[in-house]
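Try each task before you read its solution.

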Amino acid sequence: MKLKRLLLALFLLLPPCLWAQIPTYTIEGKIVDTASMMNMGYTSITVINQSDSILQDFTRADEDGIFHLKVPQAGDYILLYAHPTFANFIGTVNISQANTNLGEVPMISKQNLLQEVIVTDSRSMVIKGDTVEYAADSFKVRQFATVEELLKKLPGIEVDQKGNITAHGEKVQKMLVDGEEFFADDPAVLSKMLRAAAVDKVQVFDKKSDEAQFTGIDDGTKIKTINLTLKDNAKTGYFGKAVLAGGSPRFYENQLMFNAFRDKRKIAAFAVMSNTNNVGLGWDDASKYSGGRSGSFGGDEDDMNISSFSSEGGGGIGGSDGSFSGEGLPKSINTGLHYGNKFGKKDQVNVNADYRVNSYNLDIAKDTRTQYIMPDTQYVNNNSATSKTNSLSNNFNGRTEITADSLNSFIVNVRGSILKTTKNSLNTANYTTMQEQAINDSKSQTNGESNTKSADFDFTYRKKFRTPGRSLSVMLRGNYTQYTSESSFLSENNFYNTGTSQNFNQRKTDSNLKAQGNVRLTYTEPIVKEKIFLVLNANSNYIKNTASNLSFDRIPNTTIDTFNTLYSSNYDYSIFTNSFGANLRFKYEQLKFNFGGNVAFAQYQNNNNFTGALFERKYVNFFPRASLNYSRKRSSSISLSYNGSTTQPSMDQIQVMVQNTDPLNIRLGNPDLIQAFNHRVSLNFNQYKMLSESYIYGNIGYSVIQNALGQKQNISSSGVNTYQTVNINGNWNTYAFAGYSAKINPIKSRIGFGLNANYGNNNSYLNDVLNASKNTSLGARLDLNYYKDSTIQLSYNLNPTYNYSSSSVNINAVNKFLMTQQEFNVSYTLKQGIELGFNFNWLLRQKTAVQDRNNNVFLANAYISKSFLKDRSLAIRFEGNDLFNRNIGFSRTAFGNSITESTYNNIRRYFLLKLSWNFTHSKAMSGTKENNEGSESQSLDLN
């Protein structure tokens with residue numbers, strides 16, 4: 001506690017020290033017209049430090065042309081003068097006295113200007129429609145810093161401890177380089193591989209589908225994306241990083257990253273071997289390379305979200321995707337190779353290809369306590385699970401774009417993956433009353449192996465006609481996925497209320513085969529030149545899914561297995577859809593408006609191959625959509641959108657399939673399910689003010705679901721939970737988030753804060769009683785950043801979140817708790833190449849009425865490093881992570897009628913000694929001042 005109080009006191013004392021640096025040197029003068037010798041009122045004047053191009057002050061002259069500026073110290077400065085009807089003027093001045101009078105400063109009218117003047121746009125941030133663009137060199141980072149460090153400096157962008165990137169309140173799912181895929185656009189790899197010094201611009205936008213980008217018509221498919229545009233002189237040469245690290249107790253973190261750019265060719269490779277997860281992949285990122293075995297298919301162009309059969313089936317082995325969410329102890333070897341190039345005189349052929357191999361091991365030991373709130377009583381479920389998972393995946397991704405001429409182009413995408421997984425798990429569970437009276441208990445063990453193979457192919461032909469705005473595109477797509485697994489299953493179950501028991505000793509084999517074919521046509525026609533366009537589309541899609549889950553009872557002391565029909569199934573599932581749609585696009589100056597929709601005819605068929613039972617459904621769907629976007633110059637943007645879509649019940653939810661992998665939780669099928677329809681409305685706003693260097697963003701949205709696929713749950717007196725999916729109405733959710741960031745020039749700091757709120761209702765049935773669950777979360781965020789050249793960097797953020805949930809089945813049982821997270825970072829670089837750093841992360845969790853354990857976490861990390869060689873490219877570093885060994889593996893969730901808390905093993909205190917070498921052969925990526933690395937170059941908007 002003494003350390004915590006000392007850190008808090010130091011932080012509170014910091015601002016007065018920083019404010020002591022307020023400027024004390026004054027510059028004044030008068031702007032005049034050289035032709036008429038009239039005073040030039042309202043001219044803007046900016047003063048920049050000549051040595052490092054850092055903005056010091058700016059102002060506008062008064063109506064008499066008089067101006068006053070302030071700078072923090074004596075030295076050489078650059079003055080920029082700008083007026084709408086006069087040529088921009090740049091001058092230099094040496095400040096040696098407290099007061100410097102420049103006298104009359106002449107300006108030349110553009111009408112009288114005899115020589116061409118080139119004006120460059122060096123604003124740190126601009127808004128272009130729905131794209132926010134940052135100038136990378138306007139944000140200071142350390143020498144040899146990666147893109148991840150640069151992103152942390154950008155207003156509106158956050159990077160958490162796990163490397164997850166959030167931009168303007170939404171998680172970033174794609175990261176591109178010069179608009180192209182780079183390691184399958186994986187943000188986790190890109191942000192750690194590329195150097196900040198190589199980046200010219202960072203663009204943040206909602207990436208639309210390929211078709212929407214081609215036609216200009218919003219089809220509702222959007223994912224938050226970051227595009228990194230590289231500097232021209234960074235595209236020739238090579239750079240990389242090698243790290244060798246080992247420490248106590250038996251932790252290691254080794255990596256090799258290499259990038260070689262030459263004109264249009266990009267070659268990159270990386271290899272990572274680690275058990276700290278600092279350079280590993282996150283949950284979402286790793287799944288892209290897993291060859292995912294679930295056989296799911298979603299994101300259809302007609303807004304029909306379809307999930308086919310999940311083949312986890314009897315054994316429950318699944319296919320581990322090499323992902324890590326913070327639970328357990330991971331070990332990974334991850335390697336990848338990327339090649340990209342353009343060929344032909346006019347770059348007619350553009351090729352990009354990735355190949356990745358991932359070997360992954362994860363050991364988890366986890367204890368979970370869940371309290372269920374019933375209409376008349378409460379139960380407690382205690383679960384203890386251990387598992388060991390080993391996986392090996394090979395993944396390929398290739399894309400080729402061919403531009404035959406100015407009117408015809410072709411795109412070919414090929415993807416493939418192979419995944420092999422072995423998993424051994426042991427699980428014990430029991431249900432008790434609140435008075436700890438035993439209701440039942442269960443013990444199960446599963447050992448097995450699974451294999452997944454998948455391949456995807458799509459071909460697109462695009463044609464533009466000579467009439468501007470008229471175009472045709474044809475897309476063909478195919479997908480094939482095969483999953484197989486074999487496992488052994490042992491289970492012992494006792495039910496104390498009835499005095500009965502149930503035991504299993506089985507062998508299980510699962511298989512799943514999915515094939516898909518799709519063809520889509522899109523045609524655009526201009527109605528009014530450059531203002532109104534009509535887009536027509538037609539789509540046909542077919543999915544065939546075969547799933548088999550077989551169970552065999554083992555006879556004790558023999559090698560004989562007998563087929564168990566009760567816990568076996570074999571199904572065929574097919575989906576055939578045809579759709580037709582039309583959209584109108586209006587464009588007038590800064591205003592864009594789209595509206596239209598699709599009509600789709602869908603047929604579903606589910607065949608039970610054991611019984612011959614046939615289940616069929618036919619639907620006619622209408623998917624309306626509309627969007628409105630207004631951009632005011634390059635500083636602000638506002639957009640409003642609406643989308644309608646359906647969610648189809650999966651094969652798991654429809655079929656009547658009895659499982660015994662978890663006898664205390666039994667899932668039932670529901671052949672009477674119908675599709676759900678989703679309505680989504682959102683309003684988005686962005687604005688950047690150059691003079692104050694402030695950025696504000698906000699988003700508010702609402703969604704409601706008709707015939708939602710909800711849950712019907714029954715918990716018996718024996719503690720057996722039986723559940724199935726049912727259609728239910730009344731499910732809705734609303735959310736809002738906003739953020740503001742501004743620069744405090746006198747003390748070279750930036751402050752930012754944000755608010756977020758989420759409120760929703762989720763209906764379900766609990767023991768045949770309608771249960772309305774209301775869930776609310778309110779959060780805030782405060783960010784403070786201070787830097788002094790490249791020697792001192794300080795950051796502090798505070799993030800409290802309040803959670804509240806209630807359930808109508810028991811109005812007296814309310815779950816509410818506050819979680820507050822604080823993080824403080826400081827780094828100090830000495831001239832001798834020595835750098836010191838410290839970080840703490842403090843998580844406070846409020847105790848609840850039923851879970852009163854103290855689960856607060858205080859993490860402290862520190863390091864010291866020494867750089868060598870003339871360019872400081874070689875460094876040795878000693879670091880300690882979780883110095884006080886307080887990294888408690890703990891999580892809490894509250895939803896509906898339950899509250900769950902889990903404790904698990906995780907990575908705790910360790911020490912590493914690192915040797916790193918940053919090698920480069922390109923001035924733009926060397927991190928030197930000659931290439932504006934880390935400069936704070938700012939400029940007025942001269943337009």
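Predicted model: local features only at pLDDT ≥ 70, side-chain atom pairs only at ≥ 80, totals over all residues.

## Exercise 1: a nonpolar patch

Leu-244, Tyr-828, Leu-836, Ile-864, Phe-868, Leu-869, Ile-876, Phe-878, Phe-911, Leu-913, Leu-915 and Trp-917 form a nonpolar surface patch with about 1100 Å² of accessible area together. Find which elements give two or more residues to this patch.

**Solution.** Start with the elements: β43 (857-868), β44 (874-881) and β47 (910-920) each give two or more residues to the nonpolar patch. Among the contributors, β47 gives the most, with 4 residues. Now pick Leu-913, which sits in strand β47. Leu-913 counts as partly exposed because its relative accessibility is 46%.

Residues are numbered from 1 along each chain as its sequence is written, and side-chain values use heavy atoms, with hydrogens and water left out.

The terms work as follows:
- Patches are made of residues with over 30% relative accessible area and no salt bridge; like charges are joined within 9 Å and nonpolar side chains (Val, Leu, Ile, Met, Phe, Trp, Tyr) within 5 Å.
- Accessible areas come from the Shrake-Rupley method with a 1.4 Å probe, and for residues only the protein chains shown count as cover.
- Buried means under 20% relative accessible area, exposed means over 50%, and partly exposed is in between (1.4 Å probe, protein chains only).
- Helices (H or I, at least four residues) and strands (E, at least two) are DSSP runs, numbered from the N terminus.

## Exercise 2: salt bridges

A salt bridge is a side-chain nitrogen of Lys or Arg within 4 Å of a carboxyl oxygen of Asp or Glu. Work out which parts of the chain the pair Lys-914 and Glu-253 ties together.

**Solution.** First, the total: the structure holds 15 salt bridges. One of them brings together the side chains of Lys-914 and Glu-253, at 2.6 Å from N to O. Lys-914 belongs to strand β47 and Glu-253 to strand β17 (residues 251-262), so this pair ties together parts that are 661 residues apart in sequence. Both Lys-914 and Glu-253 are buried.

Next, take Glu-327 and Lys-366, whose salt bridge has its closest N and O atoms 3.2 Å apart. Glu-327 is in the loop between β19 (304-305) and β20 (329-343), and Lys-366 is in strand β21 (residues 349-373), so parts 39 residues apart in sequence are tied together. Glu-327 counts as buried because its relative accessibility is 19%; Lys-366, at 23%, counts as partly exposed.

Then look at Arg-781 and Asp-783, whose side chains meet in a salt bridge of 3.1 Å, N to O. Asp-783 is buried, with a relative accessible area of 19%. Finally, salt bridges that share partners join Glu-253, Arg-877, Glu-879 and Lys-914 into one network.

## Exercise 3: backbone details

Where are Pro-249, Glu-436 and Asn-707 found?

**Solution.** Pro-249 is in the loop between β16 (236-248) and β17, and a cis peptide bond with omega of about -5° joins Ser-248 to Pro-249.

Glu-436 lies in the loop between β23 (408-433) and β24 (438-464). Its phi is near 65°, a positive value in a residue other than glycine. At 70% relative accessibility, Glu-436 counts as exposed.

Asn-707 is in the loop between β34 (694-706) and β35 (708-715). Asn-707 has a positive phi too, near 55°, and is partly exposed, with a relative accessible area of 27%.
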